[in-house]
Amino acid sequence: MSEKIMNSITLDEIKELAETVRKNELGKIKIRYGECEIVIEGKKSREVISSVPVQPAMTVQNVNASVPSEKAEKSEKPEIKGNTVKSPIVGTFYASPSPEKPPFVKIGDTVKKGDVIMIIESMKLMNEVQSDFDGKVLDILVENGQAVEYDQPVMIIG
């Protein structure tokens, strides 16, 4: 049974948000409801969840126990060697120009320097990102529609 932390959010939901932050390598998520504020911060800060109390005695603690360590995370997938394409801005990654169109590139596709390989939406603006490298797309490190941070690795071209 999940205890309600705020009027509408449970500890399990907070754990899911922490897992989303970890998976998507996000910097921070803030949730504010009345006087309560929950801050979930990613790897960059090491602190996963902190809280301002809703009532004097209520706080959220030790949710980071469910987040795997960096060593376990790195051992899941072998490292791919190649040129890393990083997000030039904070925004949302889109693999195609629109939902009904095919992606700009897929794993295994060959690209040339200057080819459009993705869109990063930021502040309602669609920013086409061009490849800085010639080569083959070896891996796409984020999912379509996923939030990305500035300088976050998005794609590997070898």
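Tyr 94 has Ile 119 of β7 as its bridge partner. This pair belongs to a predicted model, in which local features need pLDDT of at least 70 and side-chain atom pairs count only at pLDDT 80 or more, while totals for chains, interfaces and linings use all residues. Residues are numbered from 1 along each chain as its sequence is written, and side-chain values use heavy atoms, with hydrogens and water left out.

The bridge of Tyr 94 is part of the pairing between strand β5 (residues 91-94) and β7, which is antiparallel and comprises three bridges. Here helices (H or I, at least four residues) and strands (E, at least two) are DSSP runs, numbered from the N terminus, and two strands pair if DSSP finds at least two bridges between them. β7 also pairs with strand β8 (residues 125-130), again in the antiparallel sense, over six bridges. In this second pairing Ser 122 stands opposite Leu 125 of β8. Two residues separate the strands of the β7 and β8 hairpin, where Met 123 adopts a positive phi near 55°. Six of the seven residues of β7 are buried, so the strand is largely enclosed by the rest of the structure. Buried means under 20% relative accessible area, exposed over 50%, and partly exposed in between (1.4 Å probe, protein chains only).

A further group of four strands forms an open sheet, with antiparallel pairing, in the order β4-β11-β9-β6. Ile 140 has Met 155 of β11 as its bridge partner.

The largest nonpolar core has 15 residues, of which Phe 93, Ile 117, Met 118 and Met 155 touch the most other members. Such a core is a set of buried Ala, Val, Leu, Ile, Met, Phe, Trp, Tyr and Cys residues joined through side-chain atoms within 4.5 Å. The elements that contribute two or more residues to this core are β7 (116-122) and β11. Beyond its neighbours within four places in sequence, Met 118 is in contact (heavy atoms within 4.5 Å) with residues including Val 85, Phe 93, Phe 104, Val 129 and Met 155. A second, separate core of eight residues includes Ile 9, Ala 18, Val 21 and Ile 40.

Ala 18 and Val 21 are also among the buried residues of helix α1, together with Ile 14 and Arg 22. Seen down the axis of α1, the buried residues fall within an arc of 100°, so they line one face of the helix; the arc is that of the directions from the helix axis to the C-beta atoms. The face turned away from this buried side carries the exposed residues Glu 16 and Lys 23.

After α1 comes Glu 25, with a positive phi near 50°. Glu 25 lies in the loop between α1 and β1 (28-33) and is partly exposed, at a relative accessible area of 36%. Glu 25 and Glu 41 are 16 residues apart in sequence and 9.6 Å apart in space, C-alpha to C-alpha.

Another loop, between β5 and β6, contains Ser 98. Ser 98 counts as buried, with a relative accessibility of 17%.
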